[in-house]
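Here is a short report on one protein model. Keep the sequence and the 3D view open as you read.

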Amino acid sequence: AWTVMQWQDALGGWHDVEGWRGEFDADGYKTWRFPEQHFGTGPFRWQVFAKRDGALWAVSAPFDLPDGRDQTLAITAAPR
């Protein structure tokens with residue numbers, strides 16, 4: 001599977017976040033790290049595809065990033 005994080009602009013359009021895409025981690029999860037300037041920003045959404053450039057499998061509900069250091073945010077993506 002291939003994962004992509006997207007951000008939403010003021011007009012409601014979704015855009016891929018450069019650097020926040022790739023295969024699942026070895027433990028079956030996906031972890032992204034981001035700089036402090038992005039703390040508390042959003043909305044974002046997470047997409048899961050069958051493979052890179054493959055069919056869309058699942059999309060999360062929109063969410064905001066954590067607002068501080070050392071926080072974990074668990075996001076579930078629902079099948080499409």
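## Two strands joined

In strand S4, Leu 56 is the bridge partner of Phe 49. Strand S3 covers residues 44-49 and strand S4 covers residues 56-60. The two run antiparallel, and three bridges join them. Strands here are DSSP runs (E, at least two residues), numbered from the N terminus. Two strands pair if DSSP finds at least two bridges between them.

This is a predicted model, in which local features need pLDDT of at least 70 and side-chain atom pairs count only at pLDDT 80 or more, while totals for chains, interfaces and linings use all residues. Residues are numbered from 1 along each chain as its sequence is written, and side-chain values use heavy atoms, with hydrogens and water left out.

## The sheet

Five strands form an open sheet. Their order is S2-S1-S3-S4-S5, with antiparallel pairing. S2 and strand S5 (77-79) are the edge strands, and each pairs on one side only. From one strand to the next, the twist averages 30 degrees. (Axes are lines fitted to C-alpha atoms, and angles run from 0 to 180 degrees between N-to-C directions.)

## A residue in S3

Gln 47 sits in strand S3. Is Gln 47 buried or exposed? Its relative accessible area is 6%, so Gln 47 is buried (under 20%, with exposed over 50% and partly exposed in between; 1.4 Å probe, protein chains only).

The side chain of Gln 47 also makes a polar contact with the side chain of Gln 6, at 3.4 Å. Such a contact is a pair of N or O atoms within 3.5 Å; within protein, one must be able to donate a hydrogen and the other to accept it, and residues adjacent in sequence count only if both atoms are side-chain atoms.

The largest pocket has a volume of about 740 Å³. It is lined by 25 residues, and the closest to its centre are Lys 30, Thr 31, Trp 32, Thr 72 and Leu 73. A pocket is an open set of points on a 1 Å grid where a 1.4 Å probe fits, with protein on both sides within 12 Å along at least five of seven lines; lining residues have an atom within 4 Å of a point. The volume is the space filled by probe spheres set on the points.

The second largest pocket holds about 160 Å³ of space. Its lining includes Trp 7, Trp 20, His 38 and Phe 44. Strand S1 (2-8) and strand S2 (14-23) each give two or more residues to this lining. S2 gives the largest share, three residues.

Methods: Helix = DSSP H or I, 4+ residues; strand = E, 2+ residues; numbered from the N terminus.
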